[in-house]
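Hello,

Here is the structure I promised to pass on. Have a look at it first, and then read on for my notes.

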Amino acid sequence: MELADRAVGFILASISVTVFTYYSFWVIVLPFVDSDHFVHSYFLPQEYAILLPVYAGVSLICFLSVFIGYVMLKSNSKKKKA
């Protein structure tokens, strides 16, 4: 089981480093590269550099709010039964 946990951890860390590197290059380096350079074909337009993290953050906050509300309601119903 420990080997499987290590493999999952390694995969998650690799994905995180890859996404961080891609996003950092996209936001920090790409604006200084000529717009007709071939490297621009590997990236979305610059507007998405702000929209995607904002959308992900709002989705995360909504999910956490619903989860916390569900846990609070479930906890409250257990107290009433006891």
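Tyr23, Phe25, Val27, Ile28, Val29, Ile50, Val54 and Val58 together make up a nonpolar patch on the surface, with about 650 Å² of accessible area. The elements giving two or more residues to this patch are α1 (2-29) and α2 (48-81), and α1 gives the most, with 5 residues.

A word on sources: this is a predicted model, in which local features need pLDDT of at least 70 and side-chain atom pairs count only at pLDDT 80 or more, while totals for chains, interfaces and linings use all residues. Residues are numbered from 1 along each chain as its sequence is written, and side-chain values use heavy atoms, with hydrogens and water left out.

Now the terms behind the patch. Its members have over 30% relative accessible area and no salt bridge, like charges being joined within 9 Å and nonpolar side chains (Val, Leu, Ile, Met, Phe, Trp, Tyr) within 5 Å. A salt bridge is a side-chain nitrogen of Lys or Arg within 4 Å of a carboxyl oxygen of Asp or Glu. Areas are Shrake-Rupley values with a 1.4 Å probe, and for residues only the protein chains shown count as cover. Helices are DSSP runs (H or I, at least four residues), numbered from the N terminus.

How do α1 and α2 pack? Their angle is about 140 degrees and their axes are 10 Å apart, so the helices are oblique to each other. On the α1 side the contact (heavy atoms within 4.5 Å) is made by Tyr23, Trp26 and Val27, and on the α2 side by Tyr48, Ala49, Leu52 and Pro53.

In the loop between α1 and α2 you will find Leu44, partly exposed at 44%. Beyond its neighbours within four places in sequence, Leu44 touches Tyr22, Trp26 and Leu52.

Happy browsing!

Methods: Axes are lines fitted to C-alpha atoms, for helices over the stretch in contact, and angles run from 0 to 180 degrees between N-to-C directions. Angles under 35 degrees count as roughly parallel, over 145 as roughly antiparallel, 65 to 115 as roughly perpendicular and the rest as oblique. Buried means under 20% relative accessible area, exposed over 50%, partly exposed in between (1.4 Å probe, protein chains only).
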